[in-house]
Amino acid sequence: MTPIEKVEGRAIPLGLKNVDTDVIIPAHWLKTTSREGMGKGAFETLRADPDNLFDSAEYKGAPILIAGDNFGCGSSREHAAWALGDLGIRVVIAPSYSDIFSGNAVKNGILPVVLPQAAIDRLMEVAQTDPVHVDLDTQTVTTPFQDRFVFEIDPFRKMCLLEGLDEISLTEKSDAAIGAYEAKLDAERPWMRPAA
Amino acid sequence: MTRPRTLYEKIWDAHVVEQRPDGTCLIFIDRHLVHEVTSPQAFAGLRASGRTVRRPDLTLAVPDHNLPTTARKDAGGNKLPIADPESAAQLAALEKNAPEFGIRYIDAVAPEQGIVHVVGPEQGFSLPGTTIVCGDSHTACHGGIGALAFGIGTSEVEHVLATQTLLLQPAKTMEVRVEGEVGPGVTAKDVILHITGTIGAAGGTGHVIEYTGSAIRALSIEGRLTVSNMAIEGGARAGLIAPDETTLAYLKGRPYAPRGADWDAAVAYWKSLATDPGATYDKTVVIDAADIAPSVTWGTSPEDVVPITGTVPDPASFADPSKQAAAAKSLAYMGLEPGTRMQDVRIENIFIGSCTNSRIEDMRAAAAIVKGRKKADNVKWAIVVPGSGLVKAQAEAEGLDRIFTDAGLEWREPGCSACLAMNPDKVPAGERCASTSNRNFVGRQGPGSRTHLVSPAMAAAAAVTGRLTDVRELMA
C-alpha cells in the first residue's frame with residue numbers, strides 16, 4: 001500500500017450524511033475478480049447527473065472528499081475503498097464513518113479524518129473555492145485562511161498509513177504466539193473444532 | 001474477585017492472542033465463512049505472495065450472491081451454466097480456489113447450499129462463544145446464537161486466510177433491552193426495524209450491541225438471527241444475544257456441532273458466557289415491546305422506519321438539518337409525498353428472502369398470510385427465496401411451496417437474490433418492492449428500485465392486497 005503523509009488539493013464538498021457503500025459503488029460493479037478499474041463505477045448514481053461534482057472541471061481528480069455523518073455505512077465491500085482510490089481520493093473528511101469502511105480505507109492507503117460538524121461546515125465553505133491541506137504526521141487539516149483543525153487517529157492506524165504497512169507481514173511475526181494460542185485452545189476447549 | 005464482564009468482553013478476552021503496546025489486539029478467529037464476491041482478490045493475494053490458508057478446517061466456502069434462483073440442474077440432473085459471464089467467472093473462481101487451498105466447499109447444487117449466514121448456524125458451524133468473520137456485513141447475523149460475528153473487507157479476508165487472526169481494537173458495548181411482550185402481528189423483523197428507527201443508522205457505530213430483555217429471550221433462534229442480522233443497519237459491526245436453552249435446543253445434533261462429552265463441555269462453557277450481574281455497558285437503550293407495531297420503511301436509510309399505521313413524514317419535521325435534506329432527497333427518490341398513509345402505498349414487487357428473513361419460520365409466517373388468498377393483480381413480480389436447500393426441503397415437506405404457488409407467488413432456489421440484485425432477480429427502475437431484506441439504499445434492489453423493508457408476514461400481506469398493508473387486518 002502507498003504510504004500517506006501530506007495531501008493538498010481541492011476537496012469535493014459532497015456533504016451528504018449516511019453515504020452508503022451501494023452509493024459509493026453499486027453491487028453490479030462487484031462482479032469482478034480484480035481490484036482494478038473500480039473508479040468508473042464510483043458514485044455511479046450521483047454521477048448520472050451531468051452537473052455532478054465528481055466530473056466537474058473544478059473537482060475532477062480532487063484528492064479529498066468531504067462528507068456528512070456515517071460515511072461508508074452498509075456493506076463490508078472493500079470495493080468502496082478501491083473505487084475511491086481509483087478515483088484519486090486519498091483523504092475523506094467526515095464527522096463519523098462506519099467501522100468496516102474506515103478499516104478498509106486505511107488498508108488501502110486512504111485516510112479517514114474525523115472532525116466535528118462545525119469544522120466540516122467550515123471546510124465545505126472553503127472547498128467551494130480553495131484547496132485544503134491535510135497532514136497526517138501533525139494530525140491537522142488547514143486552509144489558506146488560517147483555519148487549523150486537529151484530528152484524532154488510532155496510533156496503530158497512523159503508523160500503518162505513514163509507513164504503508166502490510167498487516168499480514170506484521171502479523172506473521174506473531175506466528176509463535178498464534179501457534180501457542182491454537183495449542184492452548186485445543187487443550188482447553190477441544191470441542192471448538194468443527195465436529196464433522 | 002474479578003470485575004463483572006459483559007458477554008462481549010468475555011468472548012473478546014478469550015480470543016486475545018497478543019496485545020500490542022498501542023492497545024491493538026491480535027484476535028483469534030474460530031470460523032471463517034467465505035463466498036464468491038469478496039474472496040477472489042484475497043485468494044489472488046495469497047497466490048501472489050506464496051501464502052497458504054493457515055486453518056482450512058476452520059473455513060467454509062459457499063456460493064450465494066450471484067446464483068440465479070431459477071433451476072440449477074436440467075431434467076437429467078446436469079448443472080446448468082450461469083448466463084451472466086461475470087457472475088459465472090466469480091462462481092468459477094470460488095469453485096477453483098476452495099479445493100486449491102484445501103477449504104470445505106458447499107457446491108451450488110449441493111442440498112446444503114444456501115446463503116452463508118443461513119448455512120452457518122444451520123450446519124452448527126457457527127457456535128456460541130466463537131469469533132466468526134466473513135467478507136459480508138451481515139455476518140452480524142450469527143450473534144443471534146451468541147457468537148461474536150462481524151463483516152470484514154477483502155484485505156481482512158486475506159489476513160484471516162493467512163493467519164487465522166485479525167488486528168482489532170476492542171469495541172464499546174451497547175445494550176438494547178426490549179422488555180415486555182410484543183403484540184399480535186409483530187415479529188422479530190418489526191423489533192429490529194423499530195430498534196433501528198430508534199437508535200438511528202449510526203447509533204451503534206463503534207459498539208457491539210447486546211440485545212437483552214424478555215422480548216428478546218422469547219424469540220426463537222430464527223427470530224434472534226433476524227434481529228442480530230441488522231445490528232449493522234444500526235451501525236454496530238456485531239450484535240449478540242446470550243446463548244440459552246433455546247440456543248442449545250437449536251444447535252444440538254447439527255452436523256458440525258460438538259457431540260457426546262464434547263457437547264456437555266461446550267454447554268458448560270456457553271452457560272458461563274452470559275453477562276455478569278453488575279457488569280456495565282457504555283450505552284443502554286430500553287424499549288417497551290408494547291410500543292412496537294408492524295413496521296415499514298419509507299426512505300432510503302434503514303433508520304427511516306414508521307409503524308404501518310403511520311404516514312410518510314415531512315422532511316421539515318426532523319430537527320437535524322442534514323436529516324431534513326436527506327429525507328427530502330429520499331422522498332424524491334421514493335416518489336412519495338409527506339402525509340401519505342403508508343397503507344395507501346401501492347406495491348408492484350414482492351421479495352421474501354435474504355439472510356434476514358429466509359428461514360423456515362419466515363416461510364411459515366408468509367405462507368400463513370397468503371394461504372387461501374391470491375396475489376393482487378397490480379403485483380407483477382412476487383418471489384419467495386428460501387435461505388438454503390434445507391429450508392427449501394423443509395418448506396416443501398410442509399406444503400408451503402404449494403401455498404405460495406397457489407396464491408400466484410414464485411417458489412425459487414436458495415441464494416441472496418433480490419436483496420442486492422447481483423443475480424438476475426432485480427426490481428425494475430421506478431417500481432416499488434415490499435422486501436424482507438435488510439437495506440433500502442438507493443439502487444439496492446436494482447438501479448432505480450424503491451424498497452420498503454418489512455417482515456415476511458407484511459410482505460405476504462402486501463402481495464395479496466397490492467399495497468403496504470397492516471398484517472393484523474388479515475389475521476382475524
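Student: How many bridges join strand β4 of chain B to β5(B)?

Tutor: In this predicted model, local features need pLDDT of at least 70 and side-chain atom pairs count only at pLDDT 80 or more, while totals for chains, interfaces and linings use all residues. Residues are numbered from 1 along each chain as its sequence is written. Strands are DSSP runs (E, at least two residues; helices are H or I, at least four), numbered from the N terminus, and two strands pair if DSSP finds at least two bridges between them. β4 (residues 59-61) and β5(B) run parallel, and the bridges joining them number two.

Student: What is the area buried between chain B and chain A?

Tutor: Buried area is the accessible area (1.4 Å probe) that two parts lose on being put together, summed over both. Carbon and sulfur atoms give 57% of a total of about 5400 Å².

Student: How many salt bridges are counted between chain B and chain A?

Tutor: A salt bridge requires a side-chain nitrogen of Lys or Arg within 4 Å of a carboxyl oxygen of Asp or Glu. B:E156 forms one with A:K107, their closest N and O atoms being 3.8 Å apart. The count between the two chains is eleven.

Note on methods:
Chains are lettered from A and ligands numbered from 1 in the order in which they are written. Side-chain values use heavy atoms; hydrogens and water are left out.
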